[in-house]
Amino acid sequence: MVRDSGDPPLSSHVSLSLFVLDQNDNAPKILYSALPTDGSAGEELAPRSAEPGYLVTKVVAVDRHSGQNAWLSYRLLKASELGLFAVGLHTGEVRTAWALLDRDALKQSLVVAVQDHGQPPLSATVTLTVAVADRIPDILADPGSLKPSTKPNDSNLTLYLVVSVVPVSCIFLAFLIVLLALRLQHWHSHACCRLRKAGWQACPAGTLWA
């Protein structure tokens, strides 16, 4: 409202509508699982006897915004061995996707990303270390596996290489056999021609194997 200083004073007013928009300026904050602040290595335990769907841990995060901007989604961003674990889209629960095998590495490294629904969307990540063992002494008894694998899909890569090398080797072997057969045929024809020039009427049987 605006009023002047006349006598009598006159005034007028106007109505304004304000729309407060929530700007997405805060990334999600991960509360758990986060690495301890005392410098120790935080690890989750997944027994080798665990069935598919076994709950290993749960990533918990919050967002300072409200409404749609505060909706959070979780996804598995990176894993030392793909396919062993899965992350719930809305729950953040980390579960086993398949039955764990003896050939699976003792330590698994997982990177979980948490993303809000703001515009533009913001995200945060956390790295989890999962020990695949039935008991803690099993981890201590295998010092060679204290570090998580840094080369994902090593076993799959080896399988792909073997599958690729086998057909190439077969093709190369077939090529050598064909080449040898052509060389023997050429030598046999050349030998027959020399025998005809020497007065033989026909190439003797068994010349090829003589």
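In what order do the four strands of the open sheet lie, and is the pairing parallel, antiparallel or mixed?

1. The open sheet runs S4-S11-S10-S7, and its pairing is mixed. Strands here are DSSP runs (E, at least two residues) and helices likewise (H or I, at least four), numbered from the N terminus; two strands pair if DSSP finds at least two bridges between them. S4 (44-46) and S7 are the edge strands, each pairing on one side only. From one strand to the next the twist averages 35°, with axes taken as lines fitted to C-alpha atoms and angles running from 0 to 180 degrees between N-to-C directions.

2. A word on the basis of these notes. This is a predicted model, in which local features need pLDDT of at least 70 and side-chain atom pairs count only at pLDDT 80 or more, while totals for chains, interfaces and linings use all residues. Residues are numbered from 1 along each chain as its sequence is written, and side-chain values use heavy atoms, with hydrogens and water left out.

3. Glu 44 faces Val 130 of S11.

4. The largest nonpolar core holds 21 residues, and Val 59, Phe 85 and Val 94 have the most contacts inside it. Such a core is a set of buried Ala, Val, Leu, Ile, Met, Phe, Trp, Tyr and Cys residues joined through side-chain atoms within 4.5 Å. Two or more residues each come from S7 (73-79), S8 (85-87), S10 (107-115) and S11 (123-132). S11 contributes the most, five residues.

5. Beyond its neighbours within four places in sequence, Val 59 is in contact (heavy atoms within 4.5 Å) with residues including Ile 30, Tyr 74, Val 94, Val 112, Val 126 and Leu 128.

6. Is Ser 73 buried or exposed? Ser 73, which lies in strand S7, is buried, with a relative accessible area of 15%. Buried means under 20%, exposed over 50% and partly exposed in between (1.4 Å probe, protein chains only). Leaving out residues up to four places away in sequence, Ser 73 touches Leu 89, Ala 113, Val 114, Gln 115 and His 117.

7. Of its 210 residues, 25% count as buried. Among contacts between residues at least 6 apart in sequence, 66% join residues at least 24 apart.
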